[in-house]
Amino acid sequence: MSTTTTAPQRELVIASRTAPPLHTVRWALAGTEGRRLLRHPLFMLGFAFAVFGLVLDADSGESIFGLAGGAYLFPGVGLGGMTFLVACLAANRERRDSAQDFYGAAPLSERVRTEAALLSIAWAGLACTGLTGVAALVLAGFDGVLFFDGERYALRPLELVQGPLYIVFAGTLGVLVGRWTRRTYAAVIGALVLVLPPVVWLPWIVFGDGVPEGFSSDWLDHASVGWHVIGLIGLATVAVAGARARHDRRPRVALLFLVGLGAAVAGIALGLPTGPDPL
Amino acid sequence: MSHIAMSDLRKSYGARDAVAGLSLTIGPGVTGLLGPNGAGKTTLMRMVATVLAPTSGDLRLLGLDPADREQRTEIRRRLGYLPQEPGFHRHFTAFEFVDYVAILKEMTDTRARHREVRRALELVGLGDVAGKRIRKISGGMRKRVALAQALLGEPQLLVLDEPSAALDPEQRLRFRELVSELGGDERIVLVSTHQTEDVAALCQRVIVMRDGHAAFDGTPAQLSGVADNRVWIAGSRDPRARLWWRTSEGLHRHVGDPPAGAQLVKPTIEDGYLLLVGPAAVPDAVAA
């Protein structure tokens, strides 16, 4: 076998040594996009709305509704819709601005740019995690136990995870729509669909069985939280695969889509609300 | 391998050839591309900037093949490109925009990247407006922001598509100074322009494009030489001239075959250019 290297190949090898690893560049871009997302006025508005709802409900003494109403039950109104909108606008920014030549002449490919856009949603997820954590601490204390009319309910970690997961799902869905269309109205319509009935009434957040009578109401859905979480992860994975498929047709993306779809179907089938708490 | 080499390069849109079998080698220094609208300049620039694939022919940039994905990425690492119509995100500040492009150019170390962004903005004279949103700055400043991003990382190949459009005379002077400094021993600078003055001031070599072909390839002096003994001044319009226009002194400057006894004047690059691409272009005037 010949090991001769042509001049261009030699130059390529030499220059490649100076290029930073791809994951470093991907995360650098994701960080920039993520910080832009958090600083976006619409996202901040959604965040403020979520905090406001939380404070209102907590102030009324309905602590579990505080968690659910402010951060969970209508996350679409509070944060989800805005996260979708901002992520969508960021993802189609280059086509909206007709800046394909700017971006196209850069070494970072569209595939990597899409991956960075998807990773940037982690910043919104972290912001929501922070909000949920603070809310849980304020309302339930370090032991995570809620008291209402002499009854107690210990929050489960999986219950707390659902809010941030929903935000991640909304954000990745935004990237998916933004990568496939340059139309601003698609972003606005998508956000409205998320925040308006009937979508907003879907049981995005559920609680496990055993919520005492005093806590429970028609507002709360009870289901297998574990399966519900798997369903949310599945939905987000489907959105990730759909966004990546715009510029990446490798089998691994199709596999990711199938895995996500399987998790979503299983999660929805097995994590559907079982109706009012039997207690 | 610091050059651009193209052989029988062609880019077609349907039945029309925007670039029709171009064969050129461009080395270090500043090379100007002149030509009327639709001559194929921007198409050629976009192919050299690796954002457009040729329909056929061979293109090598810095010794690398842009058709190969890995080599194309490598070219892009050494490329600075100012598109003809830069699309900005208007909510970005000048600094944020250039910084964003710097990340796309794989500059990951934040401190070093910010230093480089500031350097590029200073180079184009925008250091003091770095924090202003792009939507709030003038068209000329936006053009300079676009130029700043092209200069990031001191690229080996600089492709500037109509960089001096929208610049006022003072900015244009500064731009010429900057670009002439950039065209060093190793760097290839390819400038597309409508401004013949830019070519005269900047370029060691000029290529005039017409209908997707190179109608002229030579030095600026050779281009003005195309019109030697073919430019004359008269008090009134001479219908025998191929092209004419009225000067600010009220005289008529004519380009073409002068009549006997005409008052010949020293031709400019513009005269040579007009003879080449004007309505009655002179094919035998093409310099090799």
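Predicted model: local features only at pLDDT ≥ 70, side-chain atom pairs only at ≥ 80, totals over all residues.
Chain B contains an open sheet of 6 strands, arranged in the order β5-β6-β7-β3-β8-β9 with mixed pairing. The edges of this sheet are formed by β5 (79-82) and β9 (213-218) of chain B. Each of these two strands has a single partner strand, so one side of each is left without a neighbour in the sheet. On average, neighbouring strands of the sheet are turned by 15° against each other, direction ignored.

Within the sheet, strand β3 (residues 29-34) of chain B pairs with strand β7 (residues 188-193) of chain B in the parallel sense, and the pairing extends over 6 bridges. In this pairing T31(B) has L190(B), a residue of β7(B), as its bridge partner.

Helices also pack on the sheet. Helix α5 (residues 139-151) of chain B touches β5 and β6 (157-161) of chain B, and the direction of α5 makes about 165° with that of β5(B). Helix α9 (residues 269-277) of chain B packs on the sheet through β3, β8 (205-210) and β9 of chain B. The direction of α9 makes about 30° with that of β8(B).

The second part of the description concerns the two chains together. The contact involves 35 residues from chain B and 29 residues from chain A. The size of an interface is often given as the accessible area lost when the parts come together. For chain B and chain A the buried area is about 2,900 Å², with 63% of it on carbon and sulfur atoms. Y100(B), I103(B) and L104(B) supply 23% of the area that chain B buries against chain A, which is more than any other three residues.

Polar and charged groups also take part in the contact between the chains. There are 3 salt bridges between chain B and chain A. A salt bridge is present between E96(B) and R39(A), with the closest N and O atoms 3.5 Å apart. Between chain B and chain A, 9 residue pairs are in polar contact, both residues being at pLDDT 80 or more.

On the side of chain B that touches chain A, the elements that give two or more residues are α2 (69-77), β5, α3 (94-104) and α5 of chain B. The largest share, 6 residues, comes from α2(B). By class, this side of chain B has 16 nonpolar, 9 polar and 10 charged residues. Strand β5 of chain B, an edge strand of the sheet, is thus named again among the elements that touch chain A.

Conventions
Residues numbered from 1 in each chain as written. Chains lettered and ligands numbered in written order. Heavy atoms only, no water. Pairing = 2+ DSSP bridges. Helix = DSSP H or I, 4+ residues; strand = E, 2+ residues; numbered from the N terminus. Axes fitted to C-alpha atoms, helices over the stretch in contact; angles between N-to-C directions. Contact = heavy atoms within 4.5 Å. Buried area = accessible area lost by both parts, 1.4 Å probe. Salt bridge = Lys/Arg side-chain N within 4 Å of Asp/Glu carboxyl O. Polar contact = N/O pair within 3.5 Å; in protein donor to acceptor, adjacent residues only side chain to side chain. Nonpolar A, V, L, I, M, F, W, Y, C, P; charged D, E, K, R; others polar.
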